[in-house]
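Please read the notes below with the model open beside you, taking the points in order.

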Amino acid sequence: METKATCPYCGVGCGVLIEHDGARITGVRGDPAHPANFGRLCTKGSTLHLSARPETRLLHPELRSARGEPRRRVGWDAAIGVAAQRFAEAIRSHGPDSVAFYISGQLLTEDYYVFNKAMKGLIGSNNVDTNSRLCMSSAVAAYKQTLGADAPPCAYEDFDHTDCLLIAGGNPAYAHPVAFRRIEDARKARPDMKLIVVDPRRTDTAAAADLHLALLPGTDIWLYNAMLHVLLREDLVDTAFIAAHTEGFDALRAHVAAVTPTVAAEKCGLDAAAIVTAARWWGRAPAAMSLWCQGLNQSTHGTHNGAALIALSLATGKIGRAGCGPFSMTGQPNAMGGREVGGLANLLSAHRELANPAHRAEVARLWGVDSVPEKPGLTAVELFRAAAEGRIKALWIACTNPAQSLPEQALVREALERCDFVVLQEAYRSTETAPFADLMLPAATWGEKEGTVTNSERRITRVQRALPPPGEARADWRIVCDFAQALSALIGKPQAAAMFAYAKVEEIFAEHVATTAGRDLDITGLDYAVLELAGPQQWPFPAGMAVADAARRTRLYADGRFPTASGRARFVVPVGETTAEQVDAHYPIALTTGRLRDQWHGMSRSGKVARLYSHVDEARIELHPADLRMFEVASGELVRVSGRRGEIVLRALASEELRRGQAFVAMHWGRNVLNSAGINELMAGEFDPFSKQPELKHAAVRIDKAALPFQLLLMRVETGERAATELAEALVPWLDRFAYASLALAGRDEAAVVMRVAHEQPIPSAWLDELDALAGLDGDAALTYSDVRRGVSKRALIEDERLVGLRLCGETVAGTWLREVMVERQATADLRPWLLAPLAAPPAAARGRGRIICNCLNVAESDIRAAIAGGEDFDAMQRRLKCGTSCGSCVPEIRRMISAAHALSG
Ligand SMILES: Nc1nc2c(c(=O)[nH]1)N[C@H]1C(S)=C(S)[C@@H](COP(=O)(O)OP(=O)(O)OC[C@H]3O[C@@H](n4cnc5c(=O)[nH]c(N)nc54)[C@H](O)[C@@H]3O)O[C@H]1N2
Ligand SMILES: Nc1nc2c(c(=O)[nH]1)N[C@H]1C(S)=C(S)[C@@H](COP(=O)(O)OP(=O)(O)OC[C@H]3O[C@@H](n4cnc5c(=O)[nH]c(N)nc54)[C@H](O)[C@@H]3O)O[C@H]1N2
Ligand code: SF4
Ligand SMILES: [Mo]
């Protein structure tokens, strides 16, 4: 059987067909009919079925009676009853602003709608904010300041029509792979199209560009202002468009007069000539568009980063037609839906403004309540700061993992400990936030829930449910409605229970649709039946509009009218010089953060899929090779990374992607895979004044070699009843005991757990015994070797001539190739003598394959290097090895390896 849904990962919003037998999800494939992906999926989407196993799911509500006590299983009625009672107590004693919801752009629109209604319509506070604050809020503010509404005006098909694509602060090769496939196709079809990438790092996206502007972190506004300066100087602006459809240009023109390419080049660390080239390409292209993401948004001037970029589209009149416009890519699958229902602390339903009394009155009327509160709620960072000060008494967290993803992690922990009552509504049982929850509520997730989502191009897709949720898990909207109904009676509003008495989820969608009447995102022509019959649809879609008129919705502002008071788009004079966090003599390295190709955020889902570790299998800090030499650190060694707010230990990796003085750490690694909260231990909570989005891209750090001479490596393939993910879970509490420790999965069809440890002192033998027992290496069947004098001890377990378990202590260098012996299921006959010998070098038979570049077809870095050495070009390699022929996520990297090899030899 196949069920239509969407991928729950990124904002591209690919359609998927879930293959199942009614009891289990057996596979997944891209929906050929879905206009976002036409059947394609990336590495993450195509392994979704492997993430859907029940072993690590939260299956029952759990409650603890007091802090320090373990949580115990309770029934749903008791769970909802306690939650309602605790929230009611807080509201009674401290007022409605003493409680808050912290929710997520990964909820479905219907879930989001009822959370928002419960806080603003029932409780009477605006304290509902979401992880979208960390993500898209600067883009929202930039759109509103310039175009007048939060509406990305473009569509993916604009990639096919543009002559110049400027990607600013985005790495779609990793973060939006299927959109990047489309960009690759467009360039193939139209070889003259120019691709410009603005990113301090030479990412796979940047390496594919015609022009890579590797600017210094935080200096984007200078660059876009200088580009506008060149456009003006060379008469490449559209004066007729500016006169007819915009306002405020004179002020911006005066402002950029002084921002010459030379001035900007100095500020940005770029070549002035490169800035001029970028401006000319943009200005002379018949159609030009921009695409931006977190490199711009996650900044203390994120709103004006966006505004400065949008000004390029407006000044050249390149908006409202094919191949044009400023396109903010959404990160999460339904961040757009959350914005549409107004599920943030400063918004109201259907893009209404909290600050506008008429809008508040409209929403109150629609919900049938006396009023909605006027005072803006607390935004993400403010909310956790308030909780740390004791001002939030009850906090409800759903579908997000703040103990991993928020900046100021020390303060976040304080907040979660100080708050009297923390509810966590989660699909998986052991996220980093779970230890702080007094009440955990099991949520249905991908494949088990239904509703709608909106992707980056304003396209709404109906998501269907394939299976019932496991255990007692329930749909998010249902949990919220049950809670709201229970709460109504306790806070003296029994009649309000009816506001949440939905018999089915479609009723919520219909109510949301009704709130959009006459608004910019009017979707009064949509219901589930239309979405099921006619497929996903872009907004607006007012009643009376025919599906066949879809082309009229593809892009906004074709008529040059903007949803501002005057009908004109606005130029904004951007304010912002550089990053709030600055390097100095003590913290000389400018660190940035971002995504890896194959992991998703806190890894609760992607981290359960062994093969998604084969591209990058451990947390690491990437630095320029010359900087590593200066710090006297070899690539692969451990370093202390210290910043103004904390210190963590990470493995260092030499990378030519960075300029000197810069570093990169992925945002994924948290306490489930590391003995620290990861990089957000070091990030500041400083935020943009308009969007309140924190500066998650920039920190200043210092690097010192970590002298941790005592090493341990533990590996175990799970072949029996227990899943590798369960062993990994059992090992998590061990991570904290060591100066450095990491956990990963490895393998393809069978998963292995890999734990790497480094410590200041010898690792106590009692700990080794305990770990051996946990991993099933304690029995007589295990081979042992020990050399007390050298402090070396080893255990290996071989079953049916296969290495299935290994623990090396004191001497771990052989671990790398032995791991491959294990996960590649090599026969161990020839290896026995080496397994436990005091030798590091692998026997010839066990030469490792190295990192897996193509995850779908299992093609390793070594295979590709051999092909390059054999003189094969990309096409020949694809024909023979098939690498990159399935999802294509690895294509940019393979091309980059080929051109790097040619550069070396040429
Ligand atoms: N594989 C994967 N894909 C994802 C996600 C995931 O977790 N994993 N998450 C999704 C989500 S929620 C989001 S928001 C998106 C994020 O998607 P992106 O924003 O594309 O991804 P990031 O890697 O966070 O950051 C993009 C780039 O910004 C650059 N950058 C850093 N500082 C600056 C600067 O000052 N100026 C400029 N111009 N660039 C800078 C970084 O070097 C980085 O390469 O990805 C979505 N897709
Ligand atoms: N330093 C740094 N920090 C960052 C970023 C960065 O670039 N750098 N990026 C920021 C950005 S853009 C984002 S979007 C955030 C993301 O940060 P988070 O929101 O914390 O990320 P996730 O790990 O995706 O959290 C989603 C949680 O919801 C759970 N879940 C999955 N499905 C369901 C469901 O159907 N219902 C419920 N109730 N739960 C479910 C998952 O198990 C997971 O634990 O991180 C931000 N933090
Ligand atoms: S590009 Fe990949 S992660 Fe994003 S929606 Fe499509 S399949 Fe999912
Ligand atoms: Mo995001």
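**Notes on the ligands and a domain contact**

1. In this predicted model, a polar backbone atom of His601 lies 3.0 Å from an oxygen atom of ligand 1. Two further backbone approaches can be looked up beside it: a nitrogen atom of ligand 1 is 2.8 Å from a backbone N or O atom of Leu596, and a nitrogen atom of ligand 1 is 3.3 Å from a backbone N or O atom of Tyr174. The protein buries 99% of the 900 Å² that ligand 1 exposes when it is taken alone.

2. Which residues come nearest to ligand 1? There are 35 residues around this ligand, and those that come nearest are Ala175, Asp199, Gly218, Asp220 and Gln599.

3. Ligand 2 has 34 residues around it, of which Asn131, Ser405, Glu426, Ser604 and Asn680 come nearest. With Gly602, by contrast, the approach is to the backbone, where a polar atom is 3.0 Å from an oxygen atom of ligand 2. On its own ligand 2 has 920 Å² of accessible area, and the protein covers 98% of it.

4. Why can ligand 2 be said to lie between domain 2 and domain 4? The reason is that domain 2 (62–135 + 334–550) and domain 4 (589–696) both give residues to the shell around ligand 2, and therefore it lies between them. Sorted by class, that shell has 12 nonpolar, 16 polar and 6 charged residues.

5. The residues around ligand 3 include the cysteines Cys7, Cys10, Cys14 and Cys42, and also Tyr9, Gly13, Leu41, Lys44, Gly45, Pro177 and Val178. By class, the shell around ligand 3 has 8 nonpolar, 2 polar and 1 charged residues.

6. Domain 4 gives 7 residues to the contact and domain 6 gives 7 residues. About 570 Å² is buried between domain 4 and domain 6, and carbon and sulfur atoms give 30% of that area. On the side of domain 4, Arg597, Ser614 and His615 supply 70% of the area buried against domain 6, which is more than any other three residues supply.

7. How many salt bridges does the rule find across the interface of domain 4 and domain 6? It finds 1 salt bridge, and in the model the side chains of Arg896 and Glu657 meet in a salt bridge with an N to O distance of 2.8 Å. The rule also finds 7 residue pairs in polar contact across the interface of domain 4 and domain 6. The side of domain 4 that touches domain 6 has, by class, 1 nonpolar, 2 polar and 4 charged residues.

Methods. Residues are numbered from 1 along each chain as its sequence is written. Chains are lettered from A and ligands numbered from 1 in the order in which they are written. This is a predicted model: local features need pLDDT of at least 70, side-chain atom pairs count only at pLDDT 80 or more; totals for chains, interfaces and linings use all residues. Side-chain values use heavy atoms; hydrogens and water are left out. Contact means heavy atoms within 4.5 Å. Buried area is the accessible area (1.4 Å probe) that two parts lose on being put together, summed over both. A salt bridge is a side-chain nitrogen of Lys or Arg within 4 Å of a carboxyl oxygen of Asp or Glu. A polar contact is a pair of N or O atoms within 3.5 Å; within protein, one must be able to donate a hydrogen and the other to accept it, and residues adjacent in sequence count only if both atoms are side-chain atoms. Ala, Val, Leu, Ile, Met, Phe, Trp, Tyr, Cys and Pro count as nonpolar, Asp, Glu, Lys and Arg as charged, and the others, Gly among them, as polar. A residue is near a molecule or strand if one of its heavy atoms lies within 4 Å of it. Accessible areas come from the Shrake-Rupley method with a 1.4 Å probe; for residues, only the protein chains shown count as cover. Domain bounds come from an automatic or database domain assignment.
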